[in-house]
Amino acid sequence: MVGGLADIFKIPELKKRILFTLGMLAVYRLGVFVATPGVNVQALRDMFNSQAQTLFGLINMFSGGALENFSIFSLGIAPYISVSIIVQMLTPTIPALDRLKKEGESGQRILTRYTRYGTIILALIQGYMIATGLEKSGMVMEPGMTFRLTAMLTLATGTAFIMWIGEQITERGIGNGISIIIFAGIIARMPSVFAETVALSRTGDISPLSIIFLLAFCIMTVAGIIYVERSQRRIPIQYPRRAVGKNLAQAQTQYMPLKLNMSGVYPPIFASAVLVVPATIASFAGGDSALQDIVSQLAPGKIWHDVVFVGLILVFSYFFTSVIFNPVEIAENLKKNSGFVPTVRPGKETADYLYSILNRLTLWGALYLSIICIIPQRLYIEMGTHSFAAVFGGTAILIAVGVTLDTASQVESYVVARNYEAFMSKSSKIKSGVGSMSYMRTRVLKR
């Protein structure tokens, strides 16, 4: 591992990208502690303790605790994620957006511009709703339209700045910028939550043996996620012999890797967002609303919460997999390039074969996501560690492990490319040296 780190920092470009990423994350974390004026922060934190399962709690998790401080980055990157997924969902159904997607890089730039505009609009709406809710809850020192407009513009500007940071990390840093920011927000809360859990053992609320069990179970969960995320179904693709110039290339067999969890972490994120909607509405409605019964039944740890959560994960898993992977297009591309799956006819039969494999993989992937998101959370809640369940639960761990694996893969690709270039450079030097020796030997023999 030490040698690997040494190799990483020996590559100037990779070192520059890593340092740039760390610098951008430092700017992001500093902004979390810059509070929006006019809010009673302590009263706001007390409110979050009682409304951790609402939309506020979900946004607070993705923002790394920025919302409970009501900082300029309170909304985090959640509006951008929501609009990006909505655009992806609407693209196959709206012909104009589908045409832009097929135009390549120019169309993608237009879709990115639409996503940015939608993010700002959604951030303005969410900022105004949060400011209004804080006024009704008595968290504002000087309530009024001035505070609502100021808070709305401040939060929307903070989201726009985070979106810019994410794009800069993607372009000039390492990894996917948006994912890195979400990862940083989740990781930043883990030490404090773990310290709170250890403090519970000191007061006698939790035994020290339970703390050890929590750590062991968390490590086992991470190991299981890594194993499944690395799992693939490799479909053999056969290419016939082809003429390359004057030579005849041999037939080749390549493999199409299909991940077990192709939809990634999107299904649990969307499922969590849907489940907290009733709690959020009830928190604004107040009083003895009929929503209170629904909220109590959909609270984490209840059977109906788990049933609805699994159903939503299943639906979103199939939807996002269909958006990411289109068997009909894959079959057509294989047919155009003379590729085929052994024992399967090209065209429609290949598409049906890919559909059948994809459906089975999606089902097992959805079950895997359900197990990872439900079992750890129920266990942590049953043990009385609610804050530990919020930060070390399945969704947060999935995001953290997934981003870590993707970033590590990019770093590894840089190292492999650098080693390959060094190997080719040495090989060319050896060949030039051998050529010089052969030339000198020929000169001597002629003499």
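**View 1. The covered helix α11.** Helix α11 (residues 266–275) is mostly covered, with seven of its 10 residues buried, where buried means under 20% relative accessible area, exposed over 50% and partly exposed in between (1.4 Å probe, protein chains only). P267, P268, I269, F270, A271, S272 and L275 are the buried residues of α11. Helices (H or I, at least four residues) and strands (E, at least two) are DSSP runs numbered from the N terminus. The model is predicted, and local features need pLDDT of at least 70, side-chain atom pairs count only at pLDDT 80 or more, and totals for chains, interfaces and linings use all residues. Residues are numbered from 1 along each chain as its sequence is written, and side-chain values use heavy atoms, with hydrogens and water left out.

**View 2. The chain as a whole.** The chain has 18 helices and four strands, and buried residues make up 41% of its 447 residues. Of the contacts (heavy atoms within 4.5 Å) with a separation of 6 or more, 74% are between residues 24 or more positions apart.

**View 3. Helix α14 against helix α16.** Helix α14 (residues 303–324) packs on helix α16 (residues 348–382) at an angle of about 145°, and their axes are 9 Å apart; axes are lines fitted to C-alpha atoms, for helices over the stretch in contact, and angles run from 0 to 180 degrees between N-to-C directions. The crossing of α14 and α16 is right-handed, a crossing being right-handed if the near helix is turned clockwise from the far one by less than a right angle, and left-handed if anticlockwise. Residues of α14 including F309, V310, I313 and L314 meet residues of α16 including L363, A366, L369 and C373. By class, this contact of α14 with α16 has 12 nonpolar, seven polar and two charged residues, with Ala, Val, Leu, Ile, Met, Phe, Trp, Tyr, Cys and Pro counted as nonpolar, Asp, Glu, Lys and Arg as charged, and the others, Gly among them, as polar.

**View 4. Helix α2 against helix α8.** Helix α2 (residues 12–32) and helix α8 (residues 145–172) have axes 9 Å apart and pack at an angle of about 170°. The two helices, α2 and α8, are therefore roughly antiparallel to each other, given that angles over 145 degrees count as roughly antiparallel, under 35 as roughly parallel, 65 to 115 as roughly perpendicular and the rest as oblique. Among the residues that meet are F20, M24 and Y28 in α2 and F161, W164 and I165 in α8.

**View 5. Helix α9 against helix α10.** Helix α9 (residues 177–203) and helix α10 (residues 208–229) pack at an angle of about 150°, with axes 8 Å apart, and the crossing of α9 and α10 is right-handed. In α9, F194, T197, V198 and S201 meet P208, I211, L214 and L215 in α10, and the residues of this contact divide into six nonpolar, two polar and no charged.

**View 6. The largest nonpolar core.** A nonpolar core is a set of buried Ala, Val, Leu, Ile, Met, Phe, Trp, Tyr and Cys residues joined through side-chain atoms within 4.5 Å. Of the 70 residues in the largest core, Y28, I77, I235, M256, L258, Y380 and F392 touch the most other members, and the largest share of this core, 12 residues, comes from α16.
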